[in-house]
Amino acid sequence: MSSILVLSGSPSATSRTAALAEHLADRLRREGHRVRTVRVRDLPAQALLTGDARNPEIAEVIDALAKADGVVVASPVYKAAYSGVLKTLLDLLPQFALADKVVLPVVTGGSPAHVLALDYALRPVLSSLGAHHIVPGWFVLDRHIEPTEVGDVLLAPESAEPLYGVVDGFSVALAALHARRSLVEAS
Ligand SMILES: Cc1cc2nc3c(=O)[nH]c(=O)nc-3n(C[C@H](O)[C@H](O)[C@H](O)COP(=O)(O)O)c2cc1C
């Protein structure tokens, strides 16, 4: 069992990205992982905008991230990149906050023309935070995510299948991380 932090970075109160992130968190919980979700928009805005990493709520999330084995980073595509809200938190993380973690990037967007925002915008910033193991992620079209009345989402099959595939890959990578750690401890 792994400890996973799921970050979602939309400013929207009715965010499809956040609903999708919760959906993926539930899927990972059913696989036996311990999962916590954090919406960056719920963190103190003043602290995010003034770069105050010592704010207790921000510091607590940074600490939870440090303790996690895996991190899912979910963002909407805004202006051909990840959201500014997500960046306000990423900017407060220690330089190598994602070292030794398995990282799964997921983005949602309105146009397939911006599918590469995942690899050209989000992936490099995750690398710069020390992530050596970023598994393949997925871009989900917003119209493929239908929020339900009970707070879950229905996914169009053409998005569900590849998305669940990358989530399974994330789980496999986490298992490999545990196996490596056990080997190191035993040696
Ligand atoms: C300010 C803004 C900028 C956007 N820019 C893009 C864009 O450049 N490319 C794209 O594919 N979609 C763009 N979209 C669409 C969103 O990425 C898409 O609807 C996403 O699923 C919204 O996620 P959310 O509900 O979690 O905020 C934009 C939406 C907004 C509100």
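Which polar backbone atom is 2.9 Å from an oxygen atom of the ligand? The backbone atom belongs to Ser 111.

This is a predicted model, in which local features need pLDDT of at least 70 and side-chain atom pairs count only at pLDDT 80 or more, while totals for chains, interfaces and linings use all residues. Residues are numbered from 1 along each chain as its sequence is written, and side-chain values use heavy atoms, with hydrogens and water left out.

## The ligand site

The ligand is surrounded by 16 residues. Ser 10, Ser 15, Thr 17, Val 77 and His 114 are the closest. By class, the shell holds nine polar, four nonpolar and three charged residues. Here Ala, Val, Leu, Ile, Met, Phe, Trp, Tyr, Cys and Pro count as nonpolar, Asp, Glu, Lys and Arg as charged, and the others, Gly among them, as polar.

Helix 1 and strand 4 (102-109) each supply at least two residues of this shell. Helices (H or I, at least four residues) and strands (E, at least two) are DSSP runs, numbered from the N terminus.

| Residue | Part of residue | Ligand atom | Distance |
|---|---|---|---|
| Thr 108 | side chain, N or O atom | oxygen | 2.8 Å |
| Ser 111 | backbone, polar atom | oxygen | 2.9 Å |
| His 114 | side chain, N or O atom | nitrogen | 2.6 Å |

On its own the ligand has 640 Å² of accessible area, and the protein covers 72% of it. Accessible areas come from the Shrake-Rupley method with a 1.4 Å probe; for residues, only the protein chains shown count as cover.

Thr 108 lies in strand 4. Is Thr 108 buried or exposed? Thr 108 is buried, because its relative accessible area is 6%. Buried means under 20% relative accessible area, exposed over 50%, and partly exposed in between (1.4 Å probe, protein chains only). The side chain of Thr 108 also makes a polar contact of 2.8 Å with the side chain of Thr 17.

## Salt bridges

How many salt bridges does the structure hold? There are eight. A salt bridge is a side-chain nitrogen of Lys or Arg within 4 Å of a carboxyl oxygen of Asp or Glu. Side chains of opposite charge can pair when their charged atoms come close.

One of the bridges joins Arg 29 and Asp 26, at 2.8 Å from N to O. Asp 26 is found in helix 1 (residues 16-30).

Another bridge links Arg 36 and Glu 60, at 2.9 Å from N to O. Arg 36 lies in strand 2 (residues 34-39) and Glu 60 in helix 3 (residues 56-67), so the pair ties together parts that are 24 residues apart in sequence. Arg 36 is partly exposed at 32%, and Glu 60 is partly exposed at 39%.

Asp 42 and Arg 41 form a further bridge, at 3.9 Å from N to O. Asp 42 is partly exposed at 49% relative accessibility. Arg 41 is partly exposed at 36%.

## Surface and backbone

Val 115, Leu 116 and Tyr 120 make a nonpolar surface patch of about 330 Å². Patches are made of residues with over 30% relative accessible area and no salt bridge: like charges are joined within 9 Å, nonpolar side chains (Val, Leu, Ile, Met, Phe, Trp, Tyr) within 5 Å. Val 115 sits in the loop between strand 4 and helix 5 (117-128). Its relative accessible area is 38%, so Val 115 is partly exposed.

Most residues other than glycine have a negative phi. Ala 80 has a positive phi, near 65°. Ala 80 lies in the loop between strand 3 (70-76) and helix 4 (84-90), and is partly exposed at 39%. The phi of Asp 100 is likewise positive, near 65°. Asp 100 is found in the loop between helix 4 and strand 4. At 58% relative accessibility, Asp 100 counts as exposed.

How values were computed:
A residue is near a molecule or strand if one of its heavy atoms lies within 4 Å of it. A polar contact is a pair of N or O atoms within 3.5 Å; within protein, one must be able to donate a hydrogen and the other to accept it, and residues adjacent in sequence count only if both atoms are side-chain atoms.
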